[in-house]
Amino acid sequence: MSKIILITGANGQLGREMQRVAKVDNNNYIFTDSDELDITNISAIREVVVANRVDVIVNCAAYTNVDKAEEEPLLSDLLNNKAVENLAVVSKEREVTLIHISTDYVFDGSACTPYIEDCKTSPTGAYGATKLAGEQSIINSGCSYIIIRTSWLYSIWGNNFVKTMQKLTAERDTLNVIFDQIGTPTYAGDLADAICDIVSSDKFGKEGVYHFSNEGVCSWYDFAVEICEISGNSCSINPIHSYEYPSKVTRPHYSVLDKTKFKANFEATIPHWRRSLVKCIDKLKNQK
């Protein structure tokens with residue numbers, strides 16, 4: 001039996017990829033962004049969920065500007081925590097499963113081995129703190145939930161590191177990129193496919209917190225070098241330390257996510273980050 005799935009944040013990177021997977025999925029999707037549904041308004045959420053008999057909410061909406069969150073902590077908290085709590089409360093009321101996307105920024109990056117879901121959280125800035133608060137609001141609500149922490153998200157949509165590096169390495173002869181922040185890129189298309197698989201396979205009983213990124217590990221420098229090479233650009237990229245690139249917030253120096261739990265519980269096979277990068281850049285080339 002097909003389900004009715006409400007997508008919030010439908011015009012973001014992940015939301016756009018969810019629109020792609022919906023075209024070949026047997027479930028019924030309702031796509032909303034802030035213009036169609038204000039998730040800071042619990043009554044508006046309740047009205048949409050009740051009217052459409054929603055079975056699953058996939059929350060792709062978030063305040064994601066890490067630096068600006070330091071200047072706008074209340075707005076960051078409104079979107080990353082209070083709005084999330086609204087979704088959770090309605091999900092509990094209506095017996096809806098909430099699938100929520102969180103971040104590697106809930107960790108401080110002081111580890112040297114991949115983070116498992118139960119590792120101590122200790123965000124270093126407003127963005128990570130509000131995303132962690134959103135996770136806790138979901139858990140405290142008592143609703144049925146799957147929280148998926150991800151990292152370094154990119155796609156063919158919107159603004160992201162891949163598209164920025166493509167542009168800069170095409171325009172410049174040299175470029176400096178940080179080499180002492182280590183993590184794993186995540187292609188939004190792979191995450192959307194994984195979410196669709198969860199919804200279609202009825203594995204909602206396996207609720208909890210999960211980690212998802214592509215396989216492998218790299219630095220932002222390594223990532224930039226591969227983007228440049230795969231794009232066919234000839235820019236010389238130089239590795240620099242984080243302190244040479246001032247930021248309003250301390251970003252995690254190490255935020256590799258351990259995906260063992262996700263792969264085991266959802267029987268998932270996850271592509272290596274470079275393979276998915278090639279796929280994304282091929283799509284970007286075909287857009288031109």
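This is a predicted model: local features need pLDDT of at least 70, side-chain atom pairs count only at pLDDT 80 or more; totals for chains, interfaces and linings use all residues.
A residue is called buried when its relative accessible area is under 20%, exposed when the area is over 50%, and partly exposed in between, as judged with a 1.4 Å probe on protein chains only. Residues are numbered from 1 along each chain as its sequence is written, and side-chain values use heavy atoms, with hydrogens and water left out.

Salt bridges, each defined as a side-chain nitrogen of Lys or Arg within 4 Å of a carboxyl oxygen of Asp or Glu, were searched for in the whole structure, and 12 were found. One of them joins Asp 67 to Arg 251, with a distance of 3.3 Å from N to O. This pair links distant parts of the chain, since Asp 67 lies in the loop between β3 (56-59) and α3 (73-94) and Arg 251 in the loop between β12 (236-240) and α8 (260-265), 184 residues apart; here helices (H or I, at least four residues) and strands (E, at least two) are DSSP runs numbered from the N terminus. Asp 67 is partly exposed, at 25% relative accessibility, and Arg 251 is also partly exposed, with a relative accessible area of 22%.

A salt bridge is also formed by Arg 20 and Asp 193, whose closest N and O atoms are 3.1 Å apart. Because Arg 20 belongs to helix α1 (residues 13-22) and Asp 193 to helix α6 (residues 188-201), the pair ties together parts that are 173 residues apart in sequence. Arg 20 is partly exposed at 31%, and Asp 193 is partly exposed at 28%. Together with Glu 17, these two residues are linked in a network of salt bridges. Within helix α5 (residues 161-171), Lys 167 and Glu 171 meet in a salt bridge of 2.9 Å, N to O, and their spacing of 4 residues separates them by about one helical turn. Glu 171 is exposed, at 51% relative accessibility.

Helix α1 is mostly covered, with 7 of its 10 residues buried, and Glu 17 is among these buried residues, as are Leu 14, Met 18 and Val 21. The buried residues of α1 pack (contact meaning heavy atoms within 4.5 Å) against several elements, including β1 (4-8), β4 (97-103) and α6.

A pocket is an open set of points on a 1 Å grid over the protein atoms alone, where a 1.4 Å probe fits and protein lies on both sides within 12 Å along at least five of seven lines, and its lining residues have an atom within 4 Å of a point; the volume is the space filled by probe spheres set on the points, which are joined across faces, edges and corners. Of the 18 lining residues, those closest to the centre are Asp 190, Asp 193, Ala 194, Asp 197 and Thr 269. The largest share of the lining, 6 residues, comes from α6.
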